[in-house]
Amino acid sequence: MRSQLSKRFEAEISKMPVIDPHTHLQHRTPSAEFIGNIFGYHYIKMELSTAGMDVEKLMDESLPPDTFLKNALPFIPKIRNTTTWWGFMTICRALGFGDSTIHEANWQDLCKVASNTMQAENWYREALDNINIKRSFLTNPPDEDLDGCDREAFVPSLRTDEWVLQIHEESTRQRLEKLTRSSINSMKGLKASIHEVAERFVGLGAASMAISLPPDFQAFVVAKADAEALYGKVLQGKRLSDNQLARLQTHMLYSLFEVCDELHLPFQLMLGVERGIHLKLGWDGFSTDLGMMKTFRDALNRFPDVKFVFSILNTILTHELAIYAKTFANCYAAGHWWYTFYPCIIKQMILERLQAVPYTKLIGWYSDSYYVEWTIAKIKLYIRTLAGALAEIVEDGYMDENLALEVALALLWDNNVEIFALNL
Amino acid sequence: MRSQLSKRFEAEISKMPVIDPHTHLQHRTPSAEFIGNIFGYHYIKMELSTAGMDVEKLMDESLPPDTFLKNALPFIPKIRNTTTWWGFMTICRALGFGDSTIHEANWQDLCKVASNTMQAENWYREALDNINIKRSFLTNPPDEDLDGCDREAFVPSLRTDEWVLQIHEESTRQRLEKLTRSSINSMKGLKASIHEVAERFVGLGAASMAISLPPDFQAFVVAKADAEALYGKVLQGKRLSDNQLARLQTHMLYSLFEVCDELHLPFQLMLGVERGIHLKLGWDGFSTDLGMMKTFRDALNRFPDVKFVFSILNTILTHELAIYAKTFANCYAAGHWWYTFYPCIIKQMILERLQAVPYTKLIGWYSDSYYVEWTIAKIKLYIRTLAGALAEIVEDGYMDENLALEVALALLWDNNVEIFALNL
Amino acid sequence: MRSQLSKRFEAEISKMPVIDPHTHLQHRTPSAEFIGNIFGYHYIKMELSTAGMDVEKLMDESLPPDTFLKNALPFIPKIRNTTTWWGFMTICRALGFGDSTIHEANWQDLCKVASNTMQAENWYREALDNINIKRSFLTNPPDEDLDGCDREAFVPSLRTDEWVLQIHEESTRQRLEKLTRSSINSMKGLKASIHEVAERFVGLGAASMAISLPPDFQAFVVAKADAEALYGKVLQGKRLSDNQLARLQTHMLYSLFEVCDELHLPFQLMLGVERGIHLKLGWDGFSTDLGMMKTFRDALNRFPDVKFVFSILNTILTHELAIYAKTFANCYAAGHWWYTFYPCIIKQMILERLQAVPYTKLIGWYSDSYYVEWTIAKIKLYIRTLAGALAEIVEDGYMDENLALEVALALLWDNNVEIFALNL
């Protein structure tokens, strides 16, 4: 049963300022226009699909977004139990829709109410204000145009997956060449271009570098000469063996660590996704390799001044991640990613982190959202869960109420300001 | 503390109709005759054994069943804490025994009361009625005689372990030959016989195929020609290498998937058991291979029309199984098997499934029992745990009470009817 | 919310006698002299370090212990959330310090109060009496001098890591030679010396043998002739390959199992630590190998009369350990080690053990402490958690209150007396 304290904490924490240090918001279109955009979020689509909806046909991208919702009506009852659905209904309420279910008779009302709200001037600022989100990090590919980006709302973050995982692809090099108006003829040249882009991002106010790595990624030192030779093969259009590619990828990752070291950029690492495990629909999944944290031991020891901010996409290694954050001053544990963003998993992770790790080493939450509307659902779910976990800790006598609220503020705000050196 | 809502849910759910989609009941002797039969369940025997009882000597199968109980009296106090023991006492109460402990002075009363109840006409129907179980699946070896099977109580399920795991054994082929009055001279012939048996089972009302696989089983496609050649070696009495046997086994498993596809049979897969880890007493155990779910990715993509109903025998991969059920429309997560059938584990699994997976993709429970009496204990333990989990979800605001009860009914009844296409 | 029953259980269990079957207490200096000694515990140091303190400089061992505390004052606010910090404050209160925080204005008071208390005659006996600890096991290297050891307070335990893990080091052999005044020229001679030392420890009242093994340790049978040949190479000063060393190590471990068998010594095995993962500061960590329990299957089957008492340093395999304790009469599950000693983890482990394993197979707790003061903190945290877990079990109807208290006493006292054959 939720205690009174838990409810009181939820109310108190809901008033706190929040930074959202990982999103996929587009700075030019941070909010949706139609409820169908929100409803078409892959978190929901996957649930409709597994519940039997032919999402390829019925959610065809060429249809008007709100048609998605209409076509999905027969399948909605089957997904009402999930907390993702709770999130969607929470968004509907925030947009001004009063009903507690969606069906043939009211879906058009929802579409209307939602569009009216979302298409109002400055809605995204209002939406973020309502939930006290003062800054949201973006996920910017190296060539993203940040002109006109609302700096009162957004903080750039340089996403670097391509440079590491697709280092062997011609297109990776070409994009970098275009971006730096240079010709890349060696590993040295490649690194120089990357450095230039990273510096440019720092100049644009980027607060972090970010990458998502698969569960079996191996991080280890590869000698420069080895990497230079391997990249030479790439430049000649030769295929690398799996082992050679792995060496080249980890070498590049280490060189990004060096860039972060030099530019004082924290590095957000998201571990565990496996892309496209559903062949027909392209859904991503995850799997676990028991060495996926351990493989970063060398880097944590080698780059004491780089802040490594880890998220992990399984329930198996969350304890090990917490203990890494407790062991290494430059290791931070962040949030509850994707398939772990469910209250029962979040709560266990909060408890194990707050009981074991100094709270300044923890980033409580990020939304990972594509539209500000989903941010609403996700912060509310998180705050409710955090309140419950903190109440349990206080009721068990391990913290007092004041400290619990201080910790909550740190998880949502202070630690982000400190770790990412935000200039607010 | 159990909330009032949790207790109310327990009472409500206890009135719902239930289907038990996996048991080892014998259709001719579905109930025990003596309390000793019930007491001799391996769940209890293992606990007595680990607590110091010489089960080989004191539970000798040649002794009258009730002597088991007498000999075990000194060891009973040591196992009183387990929920298996709670289950046994729950059965005793259901059989009419009033005491809350068992000792020298009352064990004979228990034997008498229990025998009287169980040996009454149609007791098994009454026992199942009392807990609202309308159908129980059987586990039928290919050559089981289903004549006279009570179709109002039981649903056949074709167990296929032998065809896959013992495909290299002469006896496997011989039994199939006898059963199909044929001579098997090739992989093609083997498959034809298997197909014939499967069809016969469908004709007898079988609602599923079932198999139990070890944690390190590798499922992958093997070319027909390769499999035919390997089976040729088997037919010549030659020994296969481990790798060859693995190829033959997975080929056979894939051919069972094809049979299921053709005959519209759901496939119940139970993953993780390791047989006979206790050498002297033969107790089974389990272990975990992190690839044990992932290995079925290919099959899930390849057979979209086969319903794969997975159970898993560890706590490590329950989250991954839940996410598979969320990702693949043809993947279902079922119940809480054996060493995971404890309230604290069941509750966590229920929460993580109900928060992440559309509830139509979940089978809540099965008893795995050998006598209907154990079914009583197991459904009661499950319902209590389910009620607690649902109450927590409602109290946290993620479902309302009506939906929670709808979900409960689906987990126990509707989903079984739908997934196994039961004709009730 | 903590229930009334949980609080009542906490009060009741706090009155029970306790045995602490694993500590690193020094029998001549079992208590600290200065609060700085207690504060300098590596559990706290690591937290200060990860929170940003330069522990090398600011906690330099050459400084007076209480200077540690003074230097750490700015970092204390950052670690207030952990249950380790709760433990430290619990110790401060037990030493007579009344404030609830530590800061510039009161740290010297704390130093004074603490020293006064701890430097009083027989303080360690009083400290242990206050928490009803009747015996604490020591961790004795083979050559430890136990003269004058307080047998009313301490029980020796022979630590054997060196003999197994460093079997290839000359110093291991030399220490044994010195200790047994012999010359070791063969594996046979090595074993004879070890046997002699073990017998001597039994004569001194040792109640167990103990060892800590890394997560990837492989236990398997190696033929005597093979081991003898490998040890021959060691004696000649030749380097063994990794595989050869692994064979020699497991052979030695098996020969320790034989010694335990012969001398009726229980064997405490602590699995999972990885030494020195933080290169600069030397912090230990852990990792998980999914075979780390399974590798002991052969030994559990082979030595039915040796009591194997396992602890495990991860959250991944605690369920598997519980099921081993349920399967093998000679397998026991013990306590909550180091990085698993947090309430949310302990509670889950208690529930899964008490629901699945006969309680006589469980050792509830040990402190692992270096000074009796930390024992105070650790037993209090454990009892509070145990009380909560037992209350939940009783409230869910799986035990009654009397049984719950009986179980608590067994976990803290009876089982230790029985398993380690203590003569009290």
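A salt bridge here is a side-chain nitrogen of Lys or Arg within 4 Å of a carboxyl oxygen of Asp or Glu. Glu274(B) forms one with Arg297(C), where the closest N and O atoms are 3.1 Å apart. The side chains of Glu274(A) and Arg297(B) also meet in a salt bridge, at 3.1 Å from N to O.

This is a predicted model, in which local features need pLDDT of at least 70, side-chain atom pairs count only at pLDDT 80 or more, and totals for chains, interfaces and linings use all residues. Residues are numbered from 1 along each chain as its sequence is written, chains are lettered from A in the order in which they are written, and side-chain values use heavy atoms, with hydrogens and water left out.

**The two interfaces**

Contact means heavy atoms within 4.5 Å. Buried area is the accessible area (1.4 Å probe) that two parts lose on being put together, summed over both.

| Interface | Residues in contact | Buried area | Carbon and sulfur share | Salt bridges |
|---|---|---|---|---|
| Chain B and chain A | 35 from chain B, 38 from chain A | about 3300 Å² | 58% | four |
| Chain C and chain B | 35 from chain C, 38 from chain B | about 3300 Å² | 59% | four |

**The side of chain C that touches chain B**

In chain C, Lys326(C), Gln355(C) and Tyr398(C) lose the most area to chain B, together 23% of what that side buries. The interface of chain C and chain B has 20 residue pairs in polar contact, both at pLDDT 80 or more. A polar contact is a pair of N or O atoms within 3.5 Å; within protein, one must be able to donate a hydrogen and the other to accept it, and residues adjacent in sequence count only if both atoms are side-chain atoms.

Four helices of chain C each supply at least two residues of this side: H15 (297-302), H16 (318-327), H17 (343-356) and H19 (401-419). Helices are DSSP runs (H or I, at least four residues), numbered from the N terminus. H16(C) gives the largest share, seven residues. By class, this side has 18 nonpolar, eight polar and nine charged residues.

**How the copies are related**

The copies use different surfaces: 6% of the contact residues of chain C recur in chain B.

Methods: Nonpolar A, V, L, I, M, F, W, Y, C, P; charged D, E, K, R; others polar.
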